[in-house]
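Trainee: Please pick one part of this model and take me through it closely. Keep it brisk.

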Amino acid sequence: MANDIKLLTDFVPKLDQKYTQVALTSVLDSAPEVVRLEGGEFKIPTMELSGLAGHNRANGGKYVEGDVKLTWKTYTPTYERNRKFEVDVMDNYETADIAFGRLSGVFLEEHVAPEIDAWRFATYAQNAGKTVSGTLADGKEYLEALVAAITEMEENEVNVDTLYLAVSPTAHRSILNLQTIESREVLDFFGDRIIIVPQRRFITDVKLLDGKTAGEEEGGWVAGDDAKQINFLIIDKRAIIQGIKHEAPKHIPAAVNQSGDGDAFAYRVNGVEIVLENKKDGIYAHIQE
């Protein structure tokens, strides 16, 4: 792929950068010691125990033997991506250090963060313990659907103290605009654990473009063939393992660049986003029909 860099004649020292946000899902990251494990795969234990048994005083109060079943499930990181950019030193000089100087920040904000969010939300939607499909037309219908979701998760004994609500700006605003006691109670239920997600990142199926094959040279991501909009996701942080196992942003100065007279920026990321098998009830997805 060839660079397309317009040199300046006169300029305003502010880059006309696209609007975007940082990775919204970072609030769901697991503890570093859980994610940053050695090796490409890792194991998570699952334990099943026998329940209580009857106590018989007549036999001397002997305990009834129970069973312990401990199994290990193997997981591997599911997200691994990279990209490299190289800008000729003169192109960078003649654009007042904008061509390369702003490159890494623009790349991380406009491409890396949205893609990671979209990939994670799609993964959680696909692995939800409960999926409901329906058309939610206004704030009242969103509110009713949220109340039903919260109630079902409480009935399933999900720990409500670690629940996060992911919802689009439009849906969130429609609930706020109701200005009812019930709407305030539902939003207060989540408190600061509400993730406002632009709809573009909030779909059920994401296709990652490889950046090499015909039609995918630009890289990045697009909606998958089976993608549907997500109305909202409720995610128990304890039900997932999420984080970046390896992130390697690399600046290669022109002086040591063996392949050309240009500054290079290389980036590689390896991540994990897993819904634990016994905690799928901690993910509730409401999908637009």
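Mentor: Helices are DSSP runs of H or I, at least four residues, and strands are E runs of at least two, both numbered from the N terminus. The model is predicted, so local features need pLDDT of at least 70 and side-chain atom pairs 80 or more, while totals for chains, interfaces and linings use all residues. Numbering starts at 1 along each chain as its sequence is written, and side-chain values use heavy atoms, without hydrogens or water.

Take helix 7, residues 181–190. Ser183, Val186, Leu187 and Phe190 are its buried residues (under 20% relative accessible area; exposed is over 50%, partly exposed in between; 1.4 Å probe, protein chains only).

What does the buried face touch? The buried residues of helix 7 pack against helix 5 (139–155), strand 5 (163–167), helix 6 (169–176), strand 6 (194–196) and strand 9 (230–236) (heavy atoms within 4.5 Å). Just past helix 7 comes Gly191, with a positive phi of about 60°.

Now follow helix 5, one of those partners. Its buried residues include Tyr142, Leu146, Ala149 and Met153. The buried residues of helix 5 fall within an arc of 165°, so they too line one face. They pack against strand 5, helix 6, helix 7, strand 9 and strand 12 (283–288). Glu157 follows helix 5, and its phi is positive, near 65°.

Notes
The arc is that of the directions from the helix axis to the C-beta atoms.
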